[in-house]
Amino acid sequence: MRPVASERPVLDPALAPPFPQAVLPVLRNPQLRKNVAHAIDVIQAKRARLVAEKTDWQELRSAASAIRMHALENLGFYLELFEARCTAAGGTVHWASDAAEARRIIIEILRQENASEVIKIKTMTAGEIQLNPFLEANGVSAFETDLAEIILQLGEQEPSHIVVPALHINRSQVREIFARRMGLKDLSDDPKELTNAARAYLRRKFLTIPTAISGANFLIAETGGVAIVESEGNGRMCLTLPQTMITLAGIEKVLPRFQDLEVMLQLLARSATGERMNPYTSLWTGVVPGDGPQRFHVVLLDNGRSSILAKTKERQTLKCIRCAACMNNCPVYRQTGGHAYGSVYPGPIGAILTPQLMRMHHAQSLPFASSLCGACYEVCPVKINIPEVLLELRAHVVNQERGRLSRFLDPLYLGLRIASFLFANAWSFHAAQFFGRIGLGLFTRNDGWIHALPSVGGKWTQTRDLRGLPPQTFHAWWAARGPRPGTEAK
Amino acid sequence: MRASLFITCYNDTLYPETGRAVVQLLERLGVELDFHPKQTCCGQMHANTGFRGEAFSQAKRLVRLYRDAETVVIPSSSCVAMIRDQYPGLMDELGNDSLRKDFAALLPRVYELSEFLIDRLGVEDVGAYFPHRVTYHASCHGLRGINLGERPWRLMAKVRGMELISLPNLDRCCGFGGTFSVKNAEVSSAMLAVKLQDVVSTGAEYCTALDNSCLMHLGGAMHRQYAGMKTIHLAQILASTEASPAEAAA
């Protein structure tokens, strides 16, 4: 039995409680739910408005999907091209097969640089490999420079969204964190004042720390360049002031051509923040003497991605460009926020990505954390059929668990197995209906409704009633009606 | 015109009045209906919970049963979505050539009820009379799964006496999701609460849909909370006339 979610959420899929348990503290926290639903509704409406003004939106989605799939299906070629071009431009490319190797490469670079401090541009990939605690344990302090990440770092909280990581925190909560951690007793919750406080804090970091770590929105094979899109200019600062830049990127982030950005950038900002264009788009290629970082490293991270790539239906997961439209439009995420997903990748994309990155050792509850409503697929700018992958992963989970006694005795699983036999023949199905009516009849009250059921049925009746089974099934009515097509039924 | 009715397992068991309404409606429109007595389930519940082998057995059964049907009409968009979205994968993975051939031939002859009325019969005005305030819940499978589009509204617009009130946040899921409603009961209930608030805000007497599964979810909460509203499958509204009003709804 895994522990019930504690006050502070765990974003390590190996340790996080299963989704149905992890949601409980959130569902009991009205402030958190209000913050999440409000933020989601605002972003969702902005996105819908801006998408509606693009007459070629569906064509753009198809193009983006084709570009991403082409890159994935020729990934080896494009990664080697990227490596060659990046190296030729003065960068150094490292290959990391898993999280531990990526961490080791990064700490070795930092040791060569004698760095005891680094500044960071927001990167989910660093969260995936748990980089910050590792650096801390190895004597390197990492400072976040994205406003939301600063709030989380100073407030000792975890991100709950991939684009707006502090979405679960409201303004007055930010004020409290800044006032406490920056020693600003008189700080108000005026957004301008809060931003200025962060700005003053950040300037000192930018001016004194010569080493930076970033993720990548895109790697461009044709040029060997890296692209970052952001809203605050902190990325631009990290790309100009430091002497050394280390970029950590999943191997799936590669685009074949520079021109492909044209398609991606039209889709990304609209899908992510509901903006026509994000305020800052930075592109850099290798090292330019006298301009920006003079030492540039790219760490290409596999960490399970190759095994996803090998599977036909699951491969599309890697098309993701991390826009978060899926979670912004997800009715489950709207209720739960991101922490319950137990990973830096929450929401629908997290529900398929996390279990695959972790090779299904855990996170087995995540593929079931969806009502399969399809909203994620509808809004996905690169057309990832998330429901299809969820179903694929559900089948994997069930196959893994087949034959385990705990599963055999699980009332829902047992019920499904029995149902499968009953559905195999009409006579057994009809017998099940007959006995089901008698069985449920014991729980049916005088008003004709069932108010409480035992076992797995109790999960239904905790919030809903169930109408008692009617005395005559449809097929019995049809049979009693006799062979009189065309005549009016009684 | 001939059509074979696949009533679906849960309509057969829980909502026979929907089946009776489909019969009344289609026979009134001159359709010669038959009902295969050996039908059971499309396999959706198993497929959606990860029991792919079991789902395939049911899919195979359904394809074989309806191999010779002229058309199949199904008053449940989620079961139609199952056949269109998931059967192809199941057939590819687990079926043989003859089954795949039968399925490919059957697929274009499978219709959801509103598709059957509009695309196959070419009718919008089915002669219905339903003097009530109604709001329509566009189920996820109807809306996104099989893209019913304007069809339900075109049918409802022609129902005499009915006042149709639009439902806010129409495209948002009610939280049912099959076994999701019990595997993730707390989240499902939270989603249901939000949806029910929207439904009740319309002030309608009835909430209708083309999926009794969503209506079972919504209706169960309405009954629990004394919401003063009822649910009714659209087939029952369309079958209803002055002479023969809809059967008492749940």
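**Terms set against values**

Modeller: In chain A, strand β5 (residues 218–220) runs parallel to β8(A), and 2 bridges join the two strands. This is a predicted model, in which local features need pLDDT of at least 70 and side-chain atom pairs count only at pLDDT 80 or more, while totals for chains, interfaces and linings use all residues. Residues are numbered from 1 along each chain as its sequence is written, and chains are lettered from A and ligands numbered from 1 in the order in which they are written.

Biologist: Why are β8 and β9 of chain A said to stand at the edges?

Modeller: The open sheet has 4 strands in the order β8-β5-β6-β9 (chain A), with mixed pairing. β8 (254–255) and β9 (280–285) each have a single partner strand, so one side of each is left without a neighbour in the sheet.

Biologist: What is meant by a nonpolar core, and which residues of the largest one touch the most other members?

Modeller: A nonpolar core is a set of buried Ala, Val, Leu, Ile, Met, Phe, Trp, Tyr and Cys residues joined through C-beta atoms within 7 Å; a residue is buried if 20 or more other C-beta atoms lie within 10 Å of its own, exposed if 12 or fewer, and partly exposed in between, with C-beta atoms placed from the backbone. The largest core has 216 residues, and Leu219(A), Leu255(A) and Cys326(A) touch the most other members. Apart from it lies another core, of 5 residues, among them Ile450(A), Trp460(A), Val182(B) and Ala185(B).

Biologist: Which residues of helix α7 of chain B are buried, and what covers them?

Modeller: In α7(B) (residues 113–120), the buried residues are Leu113(B), Ser114(B), Glu115(B), Phe116(B) and Leu117(B). Their cover includes β1 (2–5), α2 (16–28) and α13 (234–239) of chain B. After α7(B) comes Gly122(B), which has a positive phi, near 70°.

Biologist: How do you know that the two domains of chain B touch, and how many residues take part?

Modeller: The bounds, domain 1 (2–120) and domain 2 (133–239), come from an automatic or database domain assignment. Two residues are in contact if their C-beta atoms, placed from the backbone, lie within 7 Å, and 27 residues of domain 1 of chain B are in contact with 22 residues of domain 2 of chain B. The C-alpha centres of these domains lie 22 Å apart.

Biologist: How many residues does each chain give to the contact between A and B?

Modeller: Chain B gives 58 residues and chain A gives 52 residues. On the side of chain B, helix α11 (residues 185–201) supplies the largest share, 7 residues.

Biologist: How confident is the predictor about chain B?

Modeller: pLDDT is the predictor's confidence in each residue, from 0 to 100; chain B has a mean pLDDT of 96, and 99% of its residues reach 70 or more. The model as a whole scores ipTM 0.97 and pTM 0.95.

Notes. Two strands pair if DSSP finds at least two bridges between them.
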